[in-house]
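Here are some notes for a colleague who has not looked at this structure before. They are set out as numbered points and can be read alongside the display.

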Amino acid sequence: MPWLIGTALIHSLAATEKRGLFKSWTVLLAIFAFSLSLLGTFLVRSGVLTSVHAFATDPERGMFILVFLFLVVGGSLGLYAVRAPAVSSRVSFAWVSRESLLLCNNVVFLVAALTVLFGTLFPLIVDALGMGKVSVGPPYFNAVFVPLMALLVPVMGLGPVSRWKRDAVSRWRGELLIPAIVAVLCAITLPLLHAPYNLWVALAVLLSSWLLLGLAKDFWQRLRSASGAANGLRRLTPAYCGMVVAHLGFAACVIGIVATSQYSVEHDLKMNPGDTRELAGYEFRFVEVAQVRGPNFVADEARFEVTRNGEWVADMNPQKRRYLASGSVMTEAAINAGLFRDLYVAMGEPVGSDGAWAMRLHYKPLVRWMWLGAILMAVGAFTAAADKRYRRQREVARADSKVALHGA
Amino acid sequence: MGPRLKLFLPLFLFALLAILLFRGLFLDPSEMPSALIDRPLPAFDLPALGDDRLLTRADLTGEVALLNVWATWCVSCRVEHPYLKQLADTGIPIYGLNYKDSDAAAQQWLADLGNPYRLNIADREGTLGVDLGVYGAPETYLLDASGVVRYRHVGVVDEGVWRTVLEPLYLELKQGESTP
Amino acid sequence: MTVLRHLLLSVFLLLASHAQALIETYDFSSPELEARYQQLSEELRCPKCQNQNIADSNAPIAQDLRKLLHQQLEAGASDAEILDFMVARYGEFVRYRPSFGGTTLWLWLAPVLLLIAAIGVVAAALRSRSAANRESTALSAEEQARLQRLLDKTEQDT
């Protein structure tokens, strides 16, 4: 949740900093982001949600965090309520403008964060009201989160090319007609690479290519408007670069998540040494089981040879380890990572007496894109935050006051 | 609502949240009421432990009783066993559900440790266990005279649990039974 | 970090492979059944272990429920029948995807209502702001000229 509000904060801050807008709103978002991370601590450590630490017997620690939470958050919100009028701003902008688009971002992220908060607390609310026990799990969060994020992308495509204060729909149309058409074409053609045709993937391609093309178009124009590409590159501010990187990351994430969830294949199989199983075009040949000794464990190691269309791809050796000190058994899955797919093999138990083993084979396409996307988003956020504009503003303010003194 | 008052809205919502969290501190999320509360014990047709007589729901009805789910592989069951025997000695009817266990081991256990149970249902495959919503032995169900599940306790039944939770309910049901 | 894990699970769905769970080899009569098995086992919460689905859990009850799930799927039960079966025995608690109705109706409506409310508040705030601005923020001719000078200056600077 703090991540979501933090993202909203970055966008709202852009408007505050560039245009002196949404000042008190930005402050409120900052308070929210901090409060939610505290709240997260409380929820996890106090055991109100899970019973890992049998808390009914020891409510003191939870009480301590709750009091702390109450003082800090209550204090900041109280201060906000009293002092917010001091930072109110009176700057106008039209409905069709970059400000409105940033507001859309804020609305979506706020709603997403509140929904996650509500979903997390819902079992507690129901329990506190004595209406039974319910669970709210990942399927719910997926079902709610995904459409909200999808709602965001059309706006994200418009964002970079839009102008502050006032813009025109006709200008947007002119700027983005070609990206829109190309995005639709991509959405229709790219999923054809992977039969059967998958509508979710098509939607993901549509959204992310729209986002990418809008970004590319804006980037291109900025370079062109300067004299020479090198000159143009130099003129890009860290804030802008951060935005480009983070939005690229978001697009990669969208593609990665949808492709992984739609195209992943997982099989739990009984395999004898010598068996070959096919999974998403890869042939997994179970060669043999060997005994291996590690520094502090002994293991059964399965030797797999993975080929694709007769060509060697990887040797994968998952292990079943028994640690000597504790006697505990751990499964070490073999992972073969790639930019376009990850392959996993995990070893289960021996089945029957003829040397067969239970094996889990897993094919996850584009799974690395999610992580890559997440890393890009983080890098983008840091780059934008490191923009020296935030520091220069103080200098400007000082210079301004000097000018005023001279003028007087 | 005035513009100044609106600014207090976040504070107000936060106060509500704090109250909820405070309340939450005193709830136990691991405590799970059975889905079968106030519903009749599911029908079953299972052999008795020891002899192959078939037991049904009817064998457990007629008076307020406890149904204790136990197994020899269950460590906590051994902990609560002596107290169950004490309860049985005071005349409280306790039925056993021997859950996913081997008959031989169960009989050995009863021979070694004593038998607090009036009857023992041998649920070797855990089918009745699933119908009851058992998720881990030991569990103890309180049944009324007509075989309706009134309460479920998960975990060890000891003196404290019996005195504070089960006995009051037991006596209440007993009362209702004697004055229809 | 339960909250974060919830979020991560929801965003990076399917990523947490069931590394710790036992691997069982059930034979399915069709790939569709296997897909439904995987989906349902991820949506059913293990009653004993509190914060895991039955696909990820090693608890005996989770193993039993997986076996039961496999049997029921092979016997031709629908997803709804299986969920009803589980709920009748273990309560609403076992559904990680809450049902649509009753108390949980609020849960499903919440995002929609929140979205509508948020848009409404923003729109109302903007309208009142632009109405207020029209009266107060028109620049005088002098201010206008000064602004133009400043703008020209910044233009040169950058």
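1. In what sense do strand E6 (residues 139-143) of chain B and strand E7 (residues 149-154) of chain B pair, and over how many bridges? The two strands are antiparallel, and five bridges join them. Within this pair, Tyr141(B) has Arg152(B) of E7(B) opposite it. The hairpin of E6(B) and E7(B) has five residues between the strands, and Gly147(B) there takes a positive phi near 80 degrees. Please keep in mind throughout that this is a predicted model.

2. Chain A also has a hairpin, formed by its own E6 and E7. Strand E6 (residues 319-323) of chain A pairs with strand E7 (residues 329-332) of chain A in the antiparallel sense, over four bridges. Arg321(A) faces Met330(A) in E7(A) across the pair. Five residues lie between the strands of this hairpin, and Gly327(A) has a positive phi near 75 degrees.

3. Now chain A as a whole. Eleven helices and ten strands are found in chain A. Chain A has 408 residues, of which 40% count as buried. Taking the contacts in chain A between residues at least 6 apart in sequence, 62% join residues at least 24 apart.

4. An open sheet in chain A is made of four strands, in the order E1-E10-E9-E8, with antiparallel pairing. Strand E1 (265-271) and strand E8 (334-336) of chain A are at the edges; each has a single partner strand, so one side of each is without a neighbour in the sheet. From one strand to the next, the twist averages 15 degrees. E8(A) is joined to strand E9 (residues 341-351) of chain A by three bridges, and the two run antiparallel. Asn336(A) is placed opposite Leu343(A) in E9(A).

5. Which residues touch the most other members of the largest nonpolar core? This core has 132 residues, and the residues in question are Ile5(A), Ala113(A), Leu211(A), Val254(A), Ile255(A) and Leu143(B). Helix H4 (residues 98-128) of chain A gives the most to this core, namely 17 residues. A second, separate core has 15 residues, among them Ala334(A), Tyr344(A), Trp357(A) and Leu361(A).

6. Apart from neighbours within four places in sequence, Leu143(B) is in contact with Leu41(B), Leu60(B), Val64(B), Ala65(B), Leu67(B), Val148(B), Val149(B) and Arg150(B).

7. The axes of H4(A) and helix H5 (residues 138-158) of chain A come within 9 Å and cross at roughly 175 degrees. H4(A) and H5(A) are therefore roughly antiparallel. On the H4(A) side the contact includes Leu101(A), Cys104(A), Val108(A) and Ala112(A), and on the H5(A) side it includes Tyr140(A), Phe141(A), Val144(A) and Leu148(A).

8. A helix pair also spans chains A and B: the axes of helix H3 (residues 60-83) of chain A and helix H2 (residues 9-25) of chain B come within 9 Å, crossing at roughly 175 degrees. H3(A) and H2(B) are therefore roughly antiparallel to each other. Residues making the contact include Gly62(A), Leu66(A), Phe70(A) and Gly74(A) of H3(A), and Phe14(B), Ala18(B), Leu21(B) and Phe22(B) of H2(B).

9. Is Gly214(A) buried or exposed? Gly214(A) counts as buried, because 26 C-beta neighbours lie inside 10 Å. Gly214(A) belongs to helix H7 (residues 199-225) of chain A. Not counting residues up to four places away in sequence, Gly214(A) touches Gly157(A), Leu158(A), Pro160(A), Val161(A), Leu176(A) and Pro179(A). Leu176(A) is 38 residues from Gly214(A) along the chain, and their C-alpha atoms are separated by 6.7 Å.

10. Two helix lengths can be checked. Helix H10 (residues 367-385) of chain A, with 19 residues, reaches 28 Å from its first C-alpha to its last, close to the 27 Å expected at 1.5 Å a residue. Buried residues of H10(A) include Val367(A), Trp369(A), Met370(A) and Gly373(A). Helix H2 (residues 31-43) of chain C has 13 residues and should span 18 Å at 1.5 Å a residue; its end C-alpha atoms are 19 Å apart, which agrees.

11. In H2(C), the buried residues are Tyr37(C), Leu40(C), Ser41(C), Glu42(C) and Glu43(C). The buried residues of H2(C) pack against H5 of chain A, and also against helix H3 (60-74) and helix H4 (79-90) of chain C.

How values were computed: Residues numbered from 1 in each chain as written. Chains lettered and ligands numbered in written order. Predicted model: local features only at pLDDT ≥ 70, side-chain atom pairs only at ≥ 80, totals over all residues. Buried ≥ 20, exposed ≤ 12 C-beta atoms within 10 Å, placed from the backbone. Contact = placed C-beta atoms within 7 Å. Expected span 1.5 Å × (residues − 1). Core = buried A, V, L, I, M, F, W, Y, C linked by C-beta atoms within 7 Å. Pairing = 2+ DSSP bridges. Axes fitted to C-alpha atoms, helices over the stretch in contact; angles between N-to-C directions. Parallel < 35°, antiparallel > 145°, perpendicular 65-115°, else oblique.
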